[in-house]
Amino acid sequence: MSDPTKFLTSLGQALATMSLYPAGHPARERAVDTAYEHLQQLMEDDPTPRILFIDGEVVYRRQVLRHLSEWEWGIRLADAGVQRLEFLGE
């Protein structure tokens, strides 16, 4: 699994977990920590990753991530008006 896919999968899991458990719950903490670890791994190769959500597609580095086509969280984020996730390095 590629780094952007690992990150996005763990981000989706963290978002789902956040809706299930109250603040401070260990499952929430683990999910957020895992997503953050995957983001850090992604940023080792790409210090400013940018992920786009366009028409049900997830785009990273101008490449459509076909295996994330119609990804539930990509669609949800786009429906909420989030078209891009962009992270700035330190």
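1. Buried here means under 20% relative accessible area. Thr5 comes in at 5%, so Thr5 counts as buried. Keep in mind while reading that this is a predicted model.

2. Staying with Thr5 for a moment: this residue sits in helix α1, which covers residues 3–20. Its side chain makes a polar contact of 2.6 Å with the side chain of His67. If you set aside neighbours within four places in sequence, the residues in contact with Thr5 are Leu65, His67 and Leu68.

3. Now the sheet. There are 4 strands in an open arrangement, ordered β3-β2-β1-β4, and the pairing is antiparallel. The edges belong to β3 (63–64) and β4 (84–86); each has a single partner strand, so one side of each has no neighbour in the sheet.

4. Going through the pairings, β1 and β2 are antiparallel and share 4 bridges. Within that pair, Phe53 stands opposite Val58 of β2. The hairpin they make leaves 2 residues between the strands, and Asp55 in this hairpin has a positive phi near 50°.

5. The next hairpin along is built from β2 and β3, again with 2 residues between the strands. Strand β2 (residues 57–60) is joined to β3 by 2 bridges, and the two run antiparallel. Tyr60 has Gln63 in β3 as its bridge partner. Look at Arg61 in the turn as well: its phi is positive, about 55°.

6. Arg61 is in the loop between β2 and β3, while Asp46 is in the loop between α2 (26–45) and β1, so the pair ties together parts that are 15 residues apart in sequence.

7. Over the whole structure, a search finds 4 salt bridges. One of them joins the side chains of Arg50 and Glu86 (3.4 Å, N to O). This pair links distant parts of the chain, with Arg50 in strand β1 and Glu86 in strand β4, 36 residues apart. Arg50 counts as partly exposed at 40% relative accessibility, and Glu86 is partly exposed too, with a relative accessible area of 37%.

8. Glu86 also forms a salt bridge with Arg84, where the closest N and O atoms are 3.3 Å apart. Through shared partners, the salt bridges join Arg50, Arg84 and Glu86 into one network. With a relative accessible area of 48%, Arg84 is partly exposed.

9. Last, helix α3 (residues 72–79). Which residues of this helix are buried? They are Trp73, Gly74 and Leu77. Around the axis they cover an arc of only 105°, so they lie on the same side of α3. As for what that buried set packs against, the partners are α1 and β1 (50–54). Just after α3, Gly81 takes a positive phi of about 95°.

Technical notes:
Residues are numbered from 1 along each chain as its sequence is written. This is a predicted model: local features need pLDDT of at least 70, side-chain atom pairs count only at pLDDT 80 or more; totals for chains, interfaces and linings use all residues. Side-chain values use heavy atoms; hydrogens and water are left out. Buried means under 20% relative accessible area, exposed over 50%, partly exposed in between (1.4 Å probe, protein chains only). A polar contact is a pair of N or O atoms within 3.5 Å; within protein, one must be able to donate a hydrogen and the other to accept it, and residues adjacent in sequence count only if both atoms are side-chain atoms. Contact means heavy atoms within 4.5 Å. Two strands pair if DSSP finds at least two bridges between them. The arc is that of the directions from the helix axis to the C-beta atoms.
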